[in-house]
Amino acid sequence: MQRAALFRGGDAQMAAGDLGELLVPYMPTIRVPKSGDRVYKTECAFSYDSPDSEGGLYVCMNTFLGFGREHIERHYRKTGQCVYLHLKRRVVQKVPGASGGALPKRRNAKLFLDLEISSDLNSDDFEYEDEAKLVIFPDHYEISLPNIEELPALVTIACDALLSAKSPYRKQESDSWEEELQASKHAKTLVQLDNGVRIPPSGWKCSKCDLRENLWLNLTDGSVLCGKWFFDGSGGNGHAMEHYKETGYPLAVKLGTITPDGADVYSFDEEEPVLDPHIAKHLAHFGIDMLQMQVTENGLRDNDIKPRVSEWEVIQEAGVKLKPMYGPGYTGMKNLGNSCYLNAVMQAIFSIPEFQRAYVGNLPRIFDYSPLDPTQDFNTQMAKLGHGLLSGQYSKPPMKSELIEQVMKEEHKPQHNGISPRMFKAFISKGHPEFSSNRQQDAQEFFLHLINLVE
């Protein structure tokens with residue numbers, strides 16, 4: 001046990017020969033990540049623990065799976081794998097220099113490539129302090145890195161490759177919520193009637209009711225009609241859709257969105273927003289010159305615009321003073337880029353008692369019987385997501401420390417602000433041409449896809 005005490009302290013140094021001798025029995029279990037290997041160094045396979053968590057993250061040096069402190073022993077008992085790379089990240093206040101300003105950053109950028117960086121703490125006053133250690137189970141020997149000269153060459157290469165590996169979710173993540181619009185199949189062959197209709201540059205009104213906002217111009221016959229009704233009482237009476245059902249004329253442009261750069265076009269037949277490469281020609285047919293048009297909020301002249309609460313503002317309860325809620329059942333899910341359909345469905349699913357009992361209620365049993373690669377097991381990923389949403393472990397109020405209060409300033413952002421369902425999305429959408437993309441999707445279609453997997 002003398003050797004264990006040396007390593008647990010982390011400060012004592014052993015001779016190079018002793019380190020090499022210590023690692024010799026485990027060398028056959030240590031692999032170097034190859035091209036195509038997924039390295040899960042950002043998230044636990046059974047929970048949403050990460051290097052930012054209190055216990056850090058343990059990455060298996062053989063399977064490259066990550067485990068939080070609560071689950072690392074489970075993997076060790078099941079596989080017998082002994083060597084793990086322990087990653088830990090802390091937020092620290094920079095040491096002020098002689099002039100009063102903060103000293104240059106001391107972050108070891110090579111250690112934690114591709115980890116998410118919190119925008120709340122990415123300032124000139126704070127920095128990330130990263131720590132990596134090799135840990136050998138069951139005695140929990142610790143070897144601080146880098147120890148390039150002391151460690152065997154294979155171990156050094158494996159550690160360097162693991163720390164430099166790209167995120168397995170890079171292809172799925174998106175920095176933009178922009179929808180990838182496709183050209184409509186009707187755009188090139190669209191038939192436009194020579195009925196003499198000319199559309200003025202402003203002052204529009206639905207031809208079937210008195211609405212003057214959310215108006216759509218049908219590009220076949222020039223009819224100006226209102227759009228669909230929104231749940232907040234805004235929108236229209238759905239006359240544009242009724243007109244399509246009666247005539248079959250597929251494309252319409254939203255009045256008030258036409259500018260020299262383009263316009264919002266919707267295809268009733270394709271049931272989605274589309275691009276119209278010939279939009280200038282199609283608008284000119286009804287006397288509209290795109291180069292002379294300017295966008296207006298509601299399709300009215302600037303002095304006619306009446307402010308209204310948008311659907312998004314209603315959802316966000318804009319203007320209402322809200323009290324932050326924390327604890328079990330109050331955990332949010334981060335948007336991965338057009339992933340709101342997944343978030344909404346899964347939060348609704350885990351509000352159902354039967355799903356709660358089936359997955360969260362059977363959590364220990366599901367995890368214990370999980371296969372060697374829990375990232376590819378449906379029950380494991382469902383149980384993980386359910387626990388993340390319902391446990392309250394990832395929905396805690398801000399710390400009352402001076403550091404966090406200074407960083408939060410007046411925004412009062414929580415220290416634990418939800419979970420990122422990246423691993424769940426990667427598994428649940430595997431092989432599906434739509435859900436594996438970053439495009440917006442239909443929530444009902446995703447729900448049916450999920451139910452098929454449950455069955």
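**Reading a predicted model by its cut-offs**

Modeller: Welcome! The protein chain has an accessible surface of about 24700 Å², and carbon and sulfur atoms hold 51% of it. Such areas come from the Shrake-Rupley method with a 1.4 Å probe, and for residues only the protein chains shown count as cover. This is a predicted model, in which local features need pLDDT of at least 70 and side-chain atom pairs count only at pLDDT 80 or more, while totals for chains, interfaces and linings use all residues. Residues are numbered from 1 along each chain as its sequence is written, and side-chain values use heavy atoms, with hydrogens and water left out.

Biologist: How many helices and strands does the secondary structure have, and what makes a stretch count as one?

Modeller: The chain has 14 helices and 10 strands.

Biologist: Why is the pair Arg89 and Asp130 called a salt bridge?

Modeller: The rule asks for a side-chain nitrogen of Lys or Arg within 4 Å of a carboxyl oxygen of Asp or Glu. Here N to O is 2.9 Å, so by that rule the pair is a salt bridge. The partners are 41 residues apart, with Arg89 in strand 3 (residues 83-93) and Asp130 in strand 4 (residues 126-136). By this rule there are 11 salt bridges, and Glu43, Lys384 and Arg422 are linked in a network of them.

Biologist: Are Arg89 and Asp130 buried or exposed, and how do you know?

Modeller: Buried means under 20% relative accessible area, exposed over 50%, and partly exposed in between, with a 1.4 Å probe and protein chains only. Arg89 has 5% and Asp130 has 13%, so both are buried. Across the chain, buried residues make up 45% of the 455 residues.

Biologist: What makes the salt bridge of Asp269 and Lys185 a link between separate parts of the chain?

Modeller: Their closest N and O atoms are 3.4 Å apart. Asp269 lies in the loop between strand 9 (265-267) and strand 10 (272-274), and Lys185 in the loop between helix 4 (153-164) and strand 6 (215-218), so the pair ties together parts 84 residues apart in sequence. Asp269, at 31%, is partly exposed, whereas Lys185, at 57%, is exposed.

Biologist: Why do Lys208 and Glu246 get two labels for accessibility?

Modeller: Lys208 has a relative accessible area of 42% and so is partly exposed, while Glu246, at 57%, counts as exposed. Their side chains meet in a salt bridge at 3.8 Å, N to O.

Biologist: Which strands are called the edge strands of the open sheet, and why?

Modeller: This sheet of 5 strands has the order 7-6-8-9-10, with antiparallel pairing. Strand 7 (224-226) and strand 10 are the edges, each pairing on one side only. Two strands pair if DSSP finds at least two bridges between them; strand 8 (residues 251-254) and strand 9 have 3 bridges, so they pair, in the antiparallel sense.

Biologist: How do you know that helix 5 packs on the sheet?

Modeller: Helix 5 touches strand 6 and strand 7, where contact means heavy atoms within 4.5 Å. The direction of helix 5 makes about 120° with that of strand 7. Axes are lines fitted to C-alpha atoms, for helices over the stretch in contact, and angles run from 0 to 180 degrees between N-to-C directions.

How values were computed:
Helix = DSSP H or I, 4+ residues; strand = E, 2+ residues; numbered from the N terminus.
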